[in-house]
Amino acid sequence: MLSRAVLLSAAKKPAALVLARGAASQPERPKRPEHGGKVRLGFLPEEWFTFFYNKTGVTGPYVFGAGLMTYLCSKEIYIMEHEYYNGLSLAIMVVFAVKKFGPSLAAYLDKEVDKIEDEWKESRENNIQQLSQAIEDEKKEQWRAEGQTMLMQAKKENVALQLEAAYRERAMNAYLEVKKRLDYQVERQNVDRRISQKHMVDWIVNNVVKSITPDQEKENLNKCIADLGALAARSK
């Protein structure tokens, strides 16, 4: 916990906030573990002890460490001068500070880290929501553009129908006008023919009447009377 707290306290909050804005567009990073590996005596990894278990047993690592320190001190490889006692005093104070203030400091730093992570997550979710809304708006605009295309096609078809109707109307008007003129010509020819026929009949009748003499007229009249008498005798 303390190592995590020290590492997190080294990162300043303003810099983290600046990086949070730029990290919204990046893929989400895997979360680091909440706790480190197990240690003994505050700084020795657990793996160093389990390494000796198969050959020396449980007490082997402690015996090895004590023997190594005894060898280094007895051979004066490690000299215990005044700096050693200063370091020992400093180590005692550090251990006391870690035991006394470590949990509260770690909890405070954990809250700050969670707060920063929540801000990153919120910023990322906001960006995702904005991009999703932009995608939906773009799809809607594309749908509207397709509707405009269909509307333009319908308008073109409507204009084509109007042009076709106007063309047919004008064609019908032209047909009616031509038919009127042709009917007029036909009627005129019929009138001319009837007048000619009437004139010809009148001319023939007048000429025939003029060519009959009084003697012929009298002869025809007598013949008619004779024919009528014959018809009357037959009827009896």
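Which residues does UniProt list for "coiled-coil region"?

**View 1. The annotated span in a predicted model.** The unreviewed UniProt entry lists residues 121-148 under this name, where UniProt positions follow the numbering used here, feature names are shortened, and annotations may be inferred rather than shown by experiment. In the model, the end C-alpha atoms of residues 121-148 lie 40 Å apart, and the span is 100% helix and 0% strand. This is a predicted model, in which local features need pLDDT of at least 70 and side-chain atom pairs count only at pLDDT 80 or more, while totals for chains, interfaces and linings use all residues. Residues are numbered from 1 along each chain as its sequence is written, and side-chain values use heavy atoms, with hydrogens and water left out.

**View 2. The protein chain as a whole.** Six helices and two strands make up the elements of the protein chain, and from the N terminus on they run α-α-β-β-α-α-α-α; helices (H or I, at least four residues) and strands (E, at least two) are DSSP runs, numbered from the N terminus. Of the 236 residues in the protein chain, 7% are buried, where buried means under 20% relative accessible area, exposed over 50%, and partly exposed in between (1.4 Å probe, protein chains only). Among contacts (heavy atoms within 4.5 Å) between residues at least 6 apart in sequence, 59% join residues at least 24 apart.

**View 3. The crossing of helices α3 and α4.** The axes of α3 (residues 46-56) and α4 (residues 60-74) come within 8 Å and cross at roughly 105°, the axes being lines fitted to C-alpha atoms, for helices over the stretch in contact, with angles running from 0 to 180 degrees between N-to-C directions. That makes α3 roughly perpendicular to α4, a term that covers angles of 65 to 115 degrees. From α3, the contact is made by F49, F52, Y53 and T56, and from α4 by G60, P61, Y62 and F64. The residues of this contact divide into six nonpolar, two polar and no charged, where Ala, Val, Leu, Ile, Met, Phe, Trp, Tyr, Cys and Pro count as nonpolar, Asp, Glu, Lys and Arg as charged, and the others, Gly among them, as polar.

View 4. The structure holds zero disulfides, a disulfide being a pair of cysteine sulfur atoms within 2.5 Å. C73 is partly exposed, with a relative accessible area of 27%, and C224 is also partly exposed, at 44%.

**View 5. The backbone at E76.** E76 is found in the loop between α4 and α5 (82-211), and its phi is near 55°, a positive value in a residue other than glycine. Most residues other than glycine have a negative phi. E76 is exposed, with a relative accessible area of 61%.

Conventions:
Angles under 35 degrees count as roughly parallel, over 145 as roughly antiparallel, 65 to 115 as roughly perpendicular and the rest as oblique.
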